[in-house]
Every structure is written in structure tokens, then in C-alpha cells.
Amino acid sequence: MSALSPRPDEVRAPLGATKETRLLLLGGSSEIGLAIARRLAANGPVRPFLLGRDPERLSQAVSLLESVGCTDGEFDVLDADLLSSHATTIARAFERMGGFDLVVLAIGVLGGQAGLDADISESLEVMRVDFLDCGSLLLHSLRELRNQGRGTVVVLSTVAAERPRASNPVYGAAKAGLDSLAQGLADATASSGVRVLVVRPGFVATRMTKGLKPAPFATTAEDVADATVRALAGKAHTVWVPGRLRAIFGVLRHLPRPLYRRLPL
Ligand SMILES: NC(=O)c1ccc[n+]([C@@H]2O[C@H](COP(=O)([O-])OP(=O)(O)OC[C@H]3O[C@@H](n4cnc5c(N)ncnc54)[C@H](OP(=O)(O)O)[C@@H]3O)[C@@H](O)[C@H]2O)c1
């Protein structure tokens with residue numbers, strides 16, 4: 001395990017020549033992101049590269065992944081708010097690992113639950129991180145994958161992206177923007193050998209939701225990881241976790257507004 005320290009030049013196997021999964025986790029301390037990495041490692045060899053803003057947390061996360069079978073984990077520092085650093089940081093990670101098979105975009109902030117009365121700086125952070133920062137990282141990652149001619153990006157969206165809810169309009173709107181960008185880019189790159197998988201979980205019990213009352217059909221990071229890894233093995237472009245939320249939100253999205261706004265969502 002190491003941060004980005006110099007290491008001797010070595011001849012790298014061409015991408016795809018090994019069954020090892022080279023994984024780039026954007027949001028290297030995300031509970032859901034790390035659960036996906038652990039779930040992948042249960043299936044076969046995984047070489048993780050974590051990007052995040054807290055080196056100590058990233059170092060611990062790499063050690064944790066290595067303790068469950070991942071090998072040669074590395075990390076680098078990325079503050080998603082530093083938009084001007086995205087291109088070089090992502091390119092450096094691809095260069096360092098000789099490319100990636102899978103990129104997981106797990107950065108996100110939930111922000112205050114006070115809606116219009118929330119601290120405006122908190123609301124702006126949610127809009128900035130969840131749409132602008134994540135959108136930029138998605139674009140840079142997809143360009144790198146398209147250049148190498150293969151690979152998949154998993155985008156952690158949310159059921160809240162399906163239809164804005166009065167209880168958390170800022171988060172819902174920012175995630176809807178990211179979700180929409182990901183779906184559009186998935187179609188735009190469909191013939192380039194690159195795949196985008198959008199994952200829409202409901203309430204997940206993680207650090208992000210600590211202290212909040214669990215919503216109906218609440219799940220765990222492990223459930224999201226299981227569903228994501230299952231979907232990666234197939235051809236889906238969108239996966240709901242748990243799966244029944246797809247049908248439920250399929251109905252909710254078509255409810256008349258006067259009725260929808262009265263629901264305790
Ligand atoms: N938990 C849920 O109920 C739920 C439901 C649906 C979708 N999701 C989505 O799933 C993804 C992962 O969430 P999670 O539950 O695993 O929460 P989490 O453990 O809090 O992970 C969030 C990640 O975002 C990172 N992050 C936030 N702002 C950042 C910034 N400016 N620069 C770099 N990294 C930043 C955090 O890094 P630090 O460690 O440095 O804070 C952390 O790695 C998010 O996109 C979230 O919106 C979560």
C-alpha cells in the first residue's frame with residue numbers, strides 16, 4: 001500500500017491482459033464505494049486506487065481493502081471542489097495504474113435537511129459537489145476510458161433524482177442533474193466500448209445518513225454493493241436498490257402534483 005510515491009519503471013501488462021480489476025474509486029472514503037470494492041474483491045483480484053481529500057482516511061481505507069484481499073492499493077489526494085485539478089489528477093491515476101477497468105464515482109454530500117431554511121452555504125455546497133464537481137469528474141473519467149477504448153463508470157445517484165421531493169429539494173436537484181448527465185453520456189458513448197451504470201439507492205445507512213430516521217426500504221452499503229456488482233455482470237444501464245423502488249418511483253413520478261406534495265416523502 002502506498003500513496004503516490006515514486007516507484008521504479010516497470011513493464012505493465014496491456015489493459016485487459018489480466019483478470020485483475022483495476023478500480024478507481026472517486027470518494028475513496030465513501031462507505032458505499034468501499035463496500036463495492038470489497039464485494040468485487042470477493043469475486044476476484046482487485047487493484048484499487050482511491051482518490052479523496054483526507055490522506056489519513058484514504059490510507060486506512062487502502063489497508064482495509066488489502067486486509068480483504070485487494071492488492072497493491074494506492075491513493076492520491078483530490079478535493080473535488082478544486083475543479084482545475086481534475087484533469088491532471090484523473091490522468092495521473094490512469095497513467096499510474098496503466099488504465100482502469102472500473103471507475104466508481106461515490107463522492108457526494110447530503111447537506112442540511114432544512115430545505116429553504118438551510119444555511120445557504122450548505123445548499124450551495126450540495127449543488128456544487130453533487131452536480132458540478134461530480135459532473136466534471138465524470139466527464140474526465142469517461143474521456144480517459146474512451147481513450148483506452150473500454151471500461152465502465154458506476155455513478156452513485158439516488159432515487160431522489162427521479163422526482164424532486166419537498167423534503168430535500170437541493171440534494172434531489174443536484175443529483176437529478178448528475179443522473180441526467182450520466183444517462184446522456186451513457187447513450188453518447190454507447191458505441192465506444194465504454195459503459196455507464198447509474199445506481200439509484202434509496203436510504204442507505206452510512207456516515208452520510210447518520211442520525212436520520214431511516215426511510216422505508218432502507219438498505220445497507222453491502223446491499224448497494226451486491227446490487228451494483230450483480231448489475232455489472234449484466235447489461236443494465238440503471239439499477240435501483242432495493243429493486244422494488246423502481247416500481248414504486250415509477251408510480252410516484254406520475255402522481256399529480258397536488259397529491260404528490262402531500263405525501264410524507
Ligand atoms: N447514504 C445514502 O443514503 C445514499 C443514498 C443514495 C445515494 N447515495 C450516494 O452514494 C454516494 C456515497 O455515499 P455514502 O453513503 O457512501 O456516504 P459517505 O461515506 O459520506 O461518502 C461520501 C464521500 O464523498 C466524499 N466527498 C464529499 N465532498 C468531497 C469533496 N469536496 N472532495 C472530495 N471528496 C468529497 C467524502 O469524502 P470525506 O471522507 O473526505 O468526507 C466521502 O468519500 C454519494 O454520492 C451519495 O450521494 C447515498
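The model is predicted, and the protein chain in it contains 8 helices and 8 strands. With 265 residues, a compact globule would have a radius of gyration near 18 Å, and the 18 Å of the protein chain therefore agrees with that expectation. Around the ligand there are 28 residues, of which S30, A80, G108, T206 and M208 come nearest.

**Overall dimensions and packing**

- Taken along the principal axes, the box filled by the C-alpha atoms of the protein chain is roughly 65 × 35 × 30 Å.
- Of the 265 residues in the protein chain, 40% are buried.
- When contacts in the protein chain between residues at least 6 apart in sequence are considered, 69% of them join residues at least 24 apart.

**Strands β3 and β4**

- Strand β3, which spans residues 46–52, pairs in the parallel sense with strand β4, residues 74–77, and the pairing extends over 4 bridges.
- Within this pairing, F49 has E74 in β4 as its bridge partner.

**Strand β5 and its two partners**

- Strand β5 covers residues 102–105, with L102 and V104 pointing one way and V103 and L105 pointing the other way, and all of these residues are buried.
- Strand β2, residues 21–26, runs parallel to β5 and is joined to it by 4 bridges; in β5, L102 is the bridge partner of L23.
- Strand β6, residues 151–156, also runs parallel to β5, and 4 bridges join the two; here V104 has V154 in β6 as its bridge partner.
- Together with helix α4, which spans residues 120–148, β5 and β6 make a right-handed β-α-β unit.

**The shell around the ligand**

- Helix α1, residues 31–43, gives the most to the shell around the ligand, contributing 3 residues.
- Sorted by class, the shell is made up of 12 nonpolar, 9 polar and 7 charged residues.
- Among the residues that come nearest to the ligand are S30 and A80, as well as G108, T206 and M208.

Notes
Residues are numbered from 1 along each chain as its sequence is written. This is a predicted model: local features need pLDDT of at least 70, side-chain atom pairs count only at pLDDT 80 or more; totals for chains, interfaces and linings use all residues. A residue is near a molecule or strand if its C-beta atom, placed from the backbone, lies within 6 Å of it. Ala, Val, Leu, Ile, Met, Phe, Trp, Tyr, Cys and Pro count as nonpolar, Asp, Glu, Lys and Arg as charged, and the others, Gly among them, as polar. The radius of gyration is taken over C-alpha atoms; the globule rule is 2.2 Å times the number of residues to the power 0.38. A residue is buried if 20 or more other C-beta atoms lie within 10 Å of its own, exposed if 12 or fewer, and partly exposed in between; C-beta atoms are placed from the backbone. Two residues are in contact if their C-beta atoms, placed from the backbone, lie within 7 Å. Two strands pair if DSSP finds at least two bridges between them. A crossover is right-handed if, with the strands pointing away from the viewer, the path from the first strand over the helix to the second runs clockwise.
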